[in-house]
Amino acid sequence: MPETRIVTTRLRDHPEDSWTIDRYLATGGYDVLRKALAMTPEAIQDEQVKASGLRGRGGAGFGTGQKWSFLPKDVYPRYLAVNADEGEPSTFKDHMLVERDPHQLIEGIVISAFAVECHLAFVYVRGEFALGYERLTRAIAEAYERGYLGKDILGSGFDLDLILHRGAGCYIAGDETGLLSSLEGERAMPRIKPPFPAVQGLFAKPTVVNNVETLSTVPHIIDRGGEWYASLGVGRSTGTRIFSVSGHVERPANYEVELGTPFRELIDGLAGGVRGGKGMKFFIPGGASSPWLMPQHLDEPTDMDHVQNDLKSMLGSGAIMVFDEDTDPLLVAWRLLKFFAHESCGKCTPCREGSGWLEKILYRMSHGLGRPEDLDLMLDFGDNIVPGLNAPFAQTTICALGPSTMSPIVSLDRWFRDEIAQRMEADARRRIHVPVAAAGGGR
Amino acid sequence: MAFTADNLARAREIVARYPVAKSATLPLLHLAQDQDGWVSPEAMEEIAGILDLTPAQVLGVCSFYSMFKREPVGQLVVTVCTNVSCLVNGGPELLRALEDRHLDDDDVHVEEVECIAACDLAPVMQVNYDYHGPVDAESAATIIDEYKARRRTPRTISGTRVDAGATR
């Protein structure tokens, strides 16, 4: 089955210069902006974006139109903050969109800002995206020169300034409220909600935070209509999504498909299957924070609600990681916990302390020093980070990083409990126990 | 080291963009790192003065973000990803090889980095924030040597393209 390309059309058709203003204009760029500015903000919000069923592509999957509608009436100024701080392990779609189609993003930003009546927008771009930053810088300058940004855009009377802001290496700045803290010049520590950003966000003003892929989709919805977009996909998962497929596959890459497309089409079809003709051990369907799935789930549809409610996982950021039959699941879990422990901002005790202990225990388990009780030990204290150990997350922390730490461990318990128990027993037997006193220790 | 006159002017221009001056903290730290090759205590004090913050506040922010180096690290920062997609494609082995190779190299600073969003290129590394992948120990070493010999033009260690002019 081929891809269904909407937001990736230009960058795939014109890989040589898709990021330039000339290519953008030659392929119909900024035509939709003219059309949008002739509409009313309400019409864009309700008849187009809400009707499209578009849900946030950053990970949480919240309705975009609905998010916009939470802005309190008649409170100004309002801000739009664009989340280009892509950092969820194995997600690389926003990186591609920023580098290879920056004008599409800018057009989406202008239309969205017009729809929510905001006059100052920010793009928070991940610090490591040096080329992306460079291309966005240039694209923004070009957009100003040609009147797509600035005062009285295309003679409509609408003004918008766009500030490009660079991060400096921090995963949690990609959390909605962590991003706002970082943009204010603080450590990127998430904030407790409520108040939600729509009410008190950046500089305590009403703020919308949207993901790059989400906003890059908006021009296409205006162009072809909310109803058209809603006709794609399945159930409440409308439209297309870019899935980043990586790991042990023949052709790791970004693939844009209609939501609902089975995992098998993505992994075995587009990505060419497990490398070297091997079997699959497991796959992670939606970034490091999502619980793992197994080969028996390959024919399940990529329907956000189905994956969450029935498979107890999530599509998250759309990053599919594939692991072949020779992969050690404990090693993967340990590396993910090393990531979470490194990126925990330290604000909430259960996450700051818990992630570090989980990493230490998984290190010993994956390096031959584990104990038979280790898995249950992690589940026991992990229950203090994610009460009930279930997705959708219950949490004792401010942001979702805390509960995410338990996704790999819940997955180990769900799919590999017996295998791990046998291995821990064998490891424990294999180790030589030297009595402390005999070794000259003790006190 | 204090900001040069040009960079001080640029700093003031960056601050003026934001509704609240403090927002310019990260951009000014990048500016200082572009100029000096690291973020010195003096630079943090100067930034604090510009933004009407205390030096401790600036240090608190600076130390939170892994791209800022609070001691000199040489001309080239090589970051190697070892997160899961790179883990299963040889990232850790690549990291170890490069760390060993440049152990006593004052020009090249090798460090582990968390997922840098280029898993289709796994195992992937960045040299001053330019991507290279997939690479093995040998091809990575060749690339690094080309940067050292300036057959490739590196960005600053904050990832700014010097010849691109005012890109900030």
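Colleague: Hi! How many bridges join strand β3 (residues 125–127) of chain B to β4(B)?

Modeller: Three, and the two strands run antiparallel. Strands pair if DSSP finds at least two bridges between them. Strands (E, at least two residues) and helices (H or I, at least four) are DSSP runs, numbered from the N terminus.

Colleague: And what is the bridge partner of Val127(B) in β4(B)?

Modeller: That is Asp130(B). A quick background note: this is a predicted model, where local features need pLDDT of at least 70 and side-chain atom pairs count only at pLDDT 80 or more, while totals for chains, interfaces and linings use all residues. Residues are numbered from 1 along each chain as written, chains are lettered from A and ligands numbered from 1 in written order, and side-chain values use heavy atoms, without hydrogens and water.

Colleague: Thanks! What is the strand order in the open sheet of chain B?

Modeller: The four strands go β2-β1-β3-β4, with mixed pairing. At the edges are β2 (108–113) and β4 (130–132), each pairing on one side only.

Colleague: New topic: how many aromatic pairs are there over all chains?

Modeller: The search finds 17. Rings of Phe, Tyr and Trp (its six-membered ring) pair if their centres lie within 6.5 Å; planes under 30 degrees apart are stacked, over 60 edge-to-face, the rest tilted.

Colleague: Why is the pair of Tyr79(A) and Phe203(A) called edge-to-face?

Modeller: Because their planes are at 85 degrees, with ring centres 5.8 Å apart.
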